[in-house]
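Welcome, and please take a moment to look over the chain before reading on. The paragraphs below will walk you through it step by step.

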Amino acid sequence: MLHPGLGKKGSMVPPAAQDRPEESLSLWSDRSESTFALGEWIGREAAGGEVLALVGPLGAGKTRFVQGLAKGLEVAERYITSPTFILMQCYEGRLPLYHIDLYRMEKAAEMEALGLEEFLEGEGVAAVEWADKGLEVLPPARLTITFQYAGEDQRELHLSASGSHYQEWLRKIREARRWKILDGKK
C-alpha cells in the first residue's frame, strides 16, 4: 500500500514504520543491466517522498542503479553521473529525482548545513549515494541498498526496508521473480 502523505513535510515516518521491524532481501545482479532494471522498477513504483540510501564501494553499481531509477521516473534521456563534486543534481521527470552524493562529506553537521531535509522530505525521490556517511540525518523510514562486488560484473544487492511502504516493495520484488533472490525466501 502506498502512503499518499509520504512526500509531505514531517510525514516521512508512516505510523506503521515504528511498529514493524526492518525487513531485508538479498538479490544477485549478474550484470549492470540487472542493477539498472531494479532501479527502473523502483522508479516506476515510486509515489513521491521516498528516500533510497545507497551504500557500497566505488564502482559497485550505485550510479548505474540511479540511472535506472531516472528512467523509471521518466526523466528525459540524459547522461546521469554521480554528483560527487556538486553534491546534488535535480532531475525533472514524472516525479523529481534528487541525486545526492555524500562522498565528500565528513560529518553529519556538514550535511545538516546543506539543508538536505528539504529534498529528503520533498515530493520527489531522493537517491543518496554514500549514504553510510550520513545515515543519522536520513529519515528512519527508507530503503537502504548495499552494493557488494561478487565478481567482475556481478553484484550482491542487500535491500533493507524500514517502513511498510518500502517493505511492500520488497514483497513485490520477491513476487516479480525478475531477480535471483539470495536469502532463501520465496
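We begin with the whole chain, then visit the sheet, a helix and some charged pairs.

This is a predicted model, in which local features need a pLDDT of at least 70 and side-chain atom pairs count only at pLDDT 80 or more, while totals for chains, interfaces and linings use all residues. Residues are numbered from 1 along each chain as its sequence is written, and side-chain values use heavy atoms, with hydrogens and water left out.

How confident is the predictor? pLDDT is its confidence in each residue, from 0 to 100. The protein chain has a mean pLDDT of 81, and 77% of its residues reach 70 or more. Residues 1-19 have a pLDDT below 50, and this stretch has 39 contacts in the model beyond near neighbours in sequence (a contact means heavy atoms within 4.5 Å). Where pLDDT is low, the predicted coordinates should not be read in detail.

Now for the overall plan. The protein chain holds six helices and eight strands; helices (H or I, at least four residues) and strands (E, at least two) are DSSP runs, numbered from the N terminus. Starting at the N terminus, the elements follow the pattern α-β-α-β-α-β-β-α-α-β-β-β-α-β. Of the chain's 186 residues, 52% count as buried. Here buried means under 20% relative accessible area, exposed means over 50%, and partly exposed lies in between, with a 1.4 Å probe and protein chains only. Looking at contacts between residues at least 6 apart in sequence, 68% join residues at least 24 apart.

In what order do the strands of the open sheet lie? The eight strands are arranged as β3-β4-β5-β2-β6-β7-β1-β8, with mixed pairing. Two strands pair if DSSP finds at least two bridges between them. At the edges are β3 (88-91) and β8 (180-181), each pairing on one side only.

β6 and β7 form a hairpin with five residues between them, and glycine 151 in the turn has a positive phi of about 150°. In a regular strand the side chains alternate between the two faces of the sheet.

Next, turn to helix α2. Its 14 residues reach 20 Å from the first C-alpha to the last, close to the 20 Å expected at 1.5 Å a residue; the expected span is 1.5 Å times one less than the number of residues. Is α2 largely enclosed or largely open? It is largely enclosed by the rest of the structure, because 10 of its 14 residues are buried. Among them are Phe36, Leu38, Trp41 and Ile42. The buried residues of α2 pack against β1 (23-29), β2 (51-55), α3 (62-72), β6 (142-149), β7 (155-162) and α6.

Finally, consider the charges. Side chains of opposite charge can pair when their charged atoms come close. A search of the whole structure finds six salt bridges, each being a side-chain nitrogen of Lys or Arg within 4 Å of a carboxyl oxygen of Asp or Glu. In one of them, glutamate 40 meets arginine 44, with the closest N and O atoms 2.3 Å apart. These two residues are four residues apart in helix α2 (residues 32-45), which means that about one helical turn separates them. Glutamate 40 is buried at 14% relative accessible area, whereas arginine 44 is exposed at 54%.

Elsewhere, salt bridges that share partners join Asp30, Arg31 and Glu33 into one network.

Technical notes: pLDDT = per-residue confidence, 0-100.
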